[in-house]
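Please look over the model below. This report takes up a few of its local features.

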Amino acid sequence: MAKTKSAMRRKETMYGYIFVMPWIVGFLAFTAGPLLFSLFASFTNYNITSQMDFVGAENYQGLFTEDGLFWTSLWNTLYYVLFSVPLTTIGAIFLSALLNQDVPGIRVFRTLYYLPAVLSGVGVYLLWMQLLDPGTGMINLILGWFGIDGPNWLFDPAWTKPSLIFMKLWSVGGAMLLYLASMQGVSKTLYEAAEIDGANTFRQFFHITLPMITPVIFFDVVTSLIGGFQIFQEAYVMSSNGEGGPANSLLFYNLYMWRQAFENFNMGYAMAMSWILFIIVFILTMINLKLAPRWVHYEGGDNR
Amino acid sequence: MKKLYTIPAAFLASSLFLTGCAGFQTGNNNDSSAENEEGKVVLDFWTFWGSEIRRPVIEKIITDFNESQDEIEVQHTYLPWGDIWTKELAAIAAGDPPDVVINDINATALRGEQNQAMNLSEFLAEDDISDQFYPELWDATLYEGDSYGIPFNTDTRVLFYNKDAFEEAGLDPEQPPTTWDELEEYAAKLDVKNGDDYERIGFYPLWGINYDVWMLNANGHNFINEDNEVLIDTETNLETLEWLKGWQDKYGDDVINSYKAQIDSQQGNPFFNGSLGMYVSAPTFYTQIRDYADDLNFGVAKLPEMEPGNGHTSWGGGFVAEIPAGASNPEASYEFIKYLTGAEAQEYWAVQNFDNVANIEAAESAAQSDEFTEDGTMVYSMATEYMSDTLLTPVPVSAPDFMGSVNPKIDEVFLGSKTPKQALEEAQADVESLVEKNTRE
């Protein structure tokens, strides 16, 4: 009896492996393979076509000690992540709290606010470039009605990164949907009990809603942090001649890496850059995971 | 017993699935040199000319070539501008590149150095065609004396001016400005101010071209010379930058930005309706005048020189036809390139696209073409003559992206956060260390 059971379990395990096999093979061939190759090539002067000589840690050393643009690009990216992650998270929570109300026509609003998340890519960036145009754009026109002399947005280095962050705030619909779903899942009995105890709406929000959605906040923070470090397209499309201008204010890490890889053909150097970014993101994600138990609340909570 | 087979079977299935995706195909063996059923060699030709204007022209040239002989059959592959060269690079690395590709002329030497493009000197030794092309273009294709691509087309920058506006301002419409001083003087006369707003702006040097073209115009040479000497922080560049800054101060950012937005919108270019007196652009700007402002009375001139005798140097770019390293039929590829850059095909391209071509004979006969209108002939022949004063800016192999270190500093001058002197000094230092780093062994 026991024997057949373990045989069956073994068989099932085997089936499991068989089913995930395409993924495993794909992962080894198309993800792990290139990943290890890039680690190796980051210690060479690989230029894609004709050379690949071992140069030791020269790429890394050059990046840290001789390359001013490396630090500029890292700073720009950190700036962007530092502001965009908290702002988009708060924005999405705020929006979903509003859209969680029971008012007539709420579905129309939900659709409207989700719509920007459906649109994506270069079309949206071009649209925003027109909206943000200092002379003829709609945003400065509307600011003008209130007597505000709008900034030069994408032409003023102090405003270029805030411009992109505003643009990101416009498309928080995707994260909003997650928060909304999770808010709808919060048990009504908790609110009823709080109401009987005399808690007002704000206290209910901060003491019931927020703790109950912390798992989703955690997920959102981790993924948007990683996504934030990968910012590339926005700068490539929206900066003057795709170089990261004006005055290098939109030279993000990945844009500089791309330039090194495909304009200078310093592929080994670019791969070293990608590993530095990988390590930064890895450390930040580890910190996030370590801090999570302090503030993320899982229902059924056995402290996990 | 049965279950023993399951795992190997699964392995087999998944590896079949993978090979089905052609993940492991290797090219670059002689079997892959494509031949079609008639025994003709098939060439894959990559361009980014997919627009409804250019595509029929290049495809007509290809058809003509295919019909002109019976050994080679060229097939055209259109790839978008943003993709073509990264795809080409990947194809070269994979050992299965296209046979002929159109690429940027200014980075030809770099691709030669990196062994991405094939050295053509072997073919040229047998049949030297170099003197068919403008020398400046030909020289841009050389790395260590060997050619890595044959020039296809180019452009130069010329001054368009509004003759009616000249007359209105009391200037001779047949005497465009020839020096920077005259340019300033004429622009001031052309300015029409109404309160704080401009009804007409005479000229602003940074619309249509960038600061580097003016520095090239003033210097007559590039920022980095053949001995890897960096020539950015120079007296002439400083003077140029201060001169440009003076224009910015004169008109002010608000005016400049609102005009810039109209220029970027193409149809709304203020030059068309006479609210901009003079404008620098490539000769193809004429096709926009033709399409959007047919009755505009305009003239074209060389860029003014910094001071008399300094030279009217202008800037041009362009493209080459080249054979990627590892292409399987270089002889056939070269045959096709010869046709593509030969007088007949080049003239057809020039006339149909109103584009400057690299072949001298073709450019000169296109200028006489009766398919152009009077204005068209005027612009085209002027651009052809101007090629002798046109310089290219081949990227220095020692620092291909050095402009990435210069542009941000110059940006800061026009943003007001650096003086011209500071910006040039910093750019000089940055580019010097870049060159030093890249040439160190």
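## Basis

The model is predicted.

## A sheet in chain B

Chain B holds an open sheet of three strands. Their order is β10-β7-β11, and they pair in the antiparallel sense. The edges are β10, residues 278-281, and β11, residues 298-301, of chain B. Each of these edge strands pairs on one side only. From one strand to the next, the twist averages 25°.

Strand β7 of chain B spans residues 158-162. β7(B) and β10(B) pair over four bridges. Within this sheet, B:Tyr161 stands opposite B:Met278, a residue of β10(B).

## The annotated domain in chain A

An unreviewed UniProt entry annotates residues 74-288 of chain A as "domain: ABC transmembrane type-1". Over this range the chain is 74% helix and 0% strand.

Where does B:Asp401 lie in chain B? B:Asp401 is in the loop between β15 (390-391) and α17 (403-415).

B:Asp401 is buried, yet has no salt bridge. The nearest side chain of opposite charge belongs to A:Arg259, 4.2 Å away.

Leaving out residues up to four places away in sequence, B:Asp401 touches A:Arg259, A:Gln260 and A:Asn264 in chain A. B:Asp401 also touches B:Leu434 in chain B.

Methods: Residues are numbered from 1 along each chain as its sequence is written. Chains are lettered from A and ligands numbered from 1 in the order in which they are written. This is a predicted model: local features need pLDDT of at least 70, side-chain atom pairs count only at pLDDT 80 or more; totals for chains, interfaces and linings use all residues. Side-chain values use heavy atoms; hydrogens and water are left out. Two strands pair if DSSP finds at least two bridges between them. Helices (H or I, at least four residues) and strands (E, at least two) are DSSP runs, numbered from the N terminus. Axes are lines fitted to C-alpha atoms, for helices over the stretch in contact, and angles run from 0 to 180 degrees between N-to-C directions. UniProt positions are given in the numbering used here, feature names are shortened, and annotations may be inferred rather than shown by experiment. Buried means under 20% relative accessible area, exposed over 50%, partly exposed in between (1.4 Å probe, protein chains only). Lys and Arg count as positive and Asp and Glu as negative; His and the chain ends are not counted. A salt bridge is a side-chain nitrogen of Lys or Arg within 4 Å of a carboxyl oxygen of Asp or Glu. Contact means heavy atoms within 4.5 Å.
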